[in-house]
Amino acid sequence: MRALHPFTLLAVAVALPALAWILPAPTGGAVTLAVAALLLLVPGASPGLRVARTALLTAAPFWFFLYLLHGISGMVPTGLRLSTMIASFVWLVAILPPSRLVEAMVAAGWPVSAAFLFSATLQAVPALRERAQRLVEAQRCRGLATRGGPLVRLAALRALALPLVLSALHEVDERALALETRGLVAGARRTPLAPPQDHVSERLLRWSLVAGCLALAVWRIA
Amino acid sequence: MTARLTLHAVTYHYPASPAPALTNVSLEVPSGAVTALIGNVGAGASTLLLVAGDLAPRVMGGELTGSVERAGRAALLLPTPWTQVSGMAFTVHDEVAFGPANLGWPRERISASVERALTRVDVAHLRDRDPATLSGGELQRVIFAGILAMEPEVLLLDEPTAELDPLAARRVWELIRSLAAGGMAVIVATNDIDALPDVADRVVWLESGTIRAQGPAAQVLVDRGLAADDAPGSTAVAAVWRAAGLGEPPPLTVSQAVERLR
């Protein structure tokens, strides 16, 4: 499964939630969730039980609030659809390294800027988390209370957010210069370093998924 | 030695800044030599590198008068490693290959150039690491390797040893010297004056955006004006020599001082 082309994995991860919302509830949602669960759990295809548990823990609060808002009858159809979305996304994130997807985008001739936006966004998350941690430590050294009740935490969040945003903005100029000097300019034709193989059968599968989703959507609307 | 970079009467204003960051700067940077820019903070050394690298005003905006002639591709290493990470690489190897890949080179050429750069900067052992897990010094050397992998003719370095420990800094200075010996034109802005007698062929002393003095390192670094309170200072050896009243011109390095004292 991991050897499949990134676009194929992406197509599966997008098609499952799409089908969950297109097909009649609750059967459609149940089927798509079963497929997503299978992807998470089947040996060989599975990214592991830990990932399945992540999907489960992420979906649980949605079921709870749906039950509070709509009762059992409203909870099940929407819960199945939302769970399909969550399971598919968690599966994709676990099975597809961002570097492979970026390589596939570059190899497919996507603009370098689009590949950069996708990849840099993913890499920005841990970097910002680390910087936020440093800021919290620095603020603590200067006497800011970051532990306690909700009001204390809210005040600490405000003291964290401003320097975090300002420092990120401050770096924009230098980052633009660094990217420019390293050749990341609009219109550059980047060489893919390790382009993933894209077989005809996979391309066929992807287009089949798109066509299938569209046909089912037309059938449902008609 | 042929000129790789020539600035003639360059004056540059940053956007919305009434005072020029550089005023009437004329400079010739030959291939095969290291030109060092020294000066206090705000003297214009970093701005001069941006102008030399065709980043100001093209990317930064602002207004430039005078002329800049470049022969060959220039690449700039900035002082902060974290802001120079590509954001598109998940291993050190791919980080170093980022620039060459953007230039559209064939994969074989990229691979050879990356291997050479990793070895030259002594980071080959980090090739499979995620750049996000590296220390500041390691990351700075990886970015340096990424710049070298692009095989620039003009190398622009802004405080290249700022994040490095003394040993790593010494190796970088040796590398810079060997790059110049290989024919590259190197301009380096630095506050590490003590390293310059062994590294720089020429020194340009900047003050408030203008060139106060320029010439061979051995000549500029013994300028008495450098020892003034508001000046960047000469080498530590020169400062001690003058403090002891041992006569002008002072030696610049320990070995020169030992030679003079014998």
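In this predicted model, the elements of chain A follow the order α-α-α-α-α-α-α-α from the N terminus on. Chain A is more spread out than a compact globule, because its radius of gyration is 22 Å, well over the 17 Å that the globule rule gives for 222 residues. Along the principal axes, the C-alpha atoms of chain A fill a box of roughly 60 × 50 × 40 Å.

The domain assignment divides chain A into domain 1 (6–103 + 197–221) and domain 2 (112–181). Taken over C-alpha atoms, the centres of domain 1 of chain A and domain 2 of chain A are separated by 32 Å.

| Helix pair of chain A | Angle between axes | Axis distance |
|---|---|---|
| helix 1 (residues 6–22) and helix 2 (residues 27–41) | about 165 degrees | 7 Å apart |
| helix 5 (residues 112–141) and helix 6 (residues 150–170) | roughly 130 degrees | within 10 Å |

Helix 1 and helix 2 of chain A pack at an angle of about 165 degrees. Angles over 145 degrees count as roughly antiparallel, and helix 1 of chain A and helix 2 of chain A are therefore roughly antiparallel to each other. Their crossing is left-handed. On the side of helix 1 of chain A, the contact is made by Leu16(A), Leu19(A), Ala20(A) and Ile22(A), and on the side of helix 2 of chain A by Gly28(A), Gly29(A), Thr32(A), Val35(A) and Ala36(A). By class, this contact of helix 1 with helix 2 of chain A has six nonpolar, three polar and no charged residues.

The loop between helix 1 and helix 2 of chain A holds Pro26(A). The peptide bond from Ala25(A) to Pro26(A) is cis, with omega near 0 degrees.

For the second pair, the axes of helix 5 and helix 6 of chain A cross at roughly 130 degrees. This angle makes helix 5 of chain A oblique to helix 6 of chain A. Helix 5 of chain A passes helix 6 of chain A in a right-handed crossing. Helix 5 of chain A contributes Arg131(A), Ala132(A), Leu135(A), Val136(A) and Gln139(A) to the contact, while helix 6 of chain A contributes Ala159(A), Leu160(A), Pro163(A), Leu164(A) and Ser167(A). The residues of this contact between helix 5 and helix 6 of chain A comprise seven nonpolar, two polar and one charged.

**Contact between chain A and chain B**

The contact takes 28 residues from chain A and 28 residues from chain B. On the side of chain B that touches chain A, the elements that give two or more residues are strand 5 (74–77), helix 2 (92–102) and helix 3 (107–120) of chain B. Helix 2 of chain B supplies the largest share of that side, six residues. The side of chain B that touches chain A has 16 nonpolar, ten polar and two charged residues.

**Local backbone features of chain B**

In chain B, a cis peptide bond joins Glu248(B) and Pro249(B), and omega is about -15 degrees. Pro249(B) lies in the loop between helix 8 (236–243) and helix 9 (254–261) of chain B. Asn24(B), in strand 2 (residues 22–30) of chain B, has phi near 50 degrees, a positive value in a residue other than glycine.

How values were computed:
Residues numbered from 1 in each chain as written. Chains lettered and ligands numbered in written order. Predicted model: local features only at pLDDT ≥ 70, side-chain atom pairs only at ≥ 80, totals over all residues. Domains from an automatic or database assignment. Axes fitted to C-alpha atoms, helices over the stretch in contact; angles between N-to-C directions. Helix = DSSP H or I, 4+ residues; strand = E, 2+ residues; numbered from the N terminus. Parallel < 35°, antiparallel > 145°, perpendicular 65-115°, else oblique. Left-handed = near helix turned anticlockwise from the far one by under 90°. Contact = placed C-beta atoms within 7 Å. Nonpolar A, V, L, I, M, F, W, Y, C, P; charged D, E, K, R; others polar. Rg over C-alpha atoms; globule rule 2.2 N^0.38 Å.
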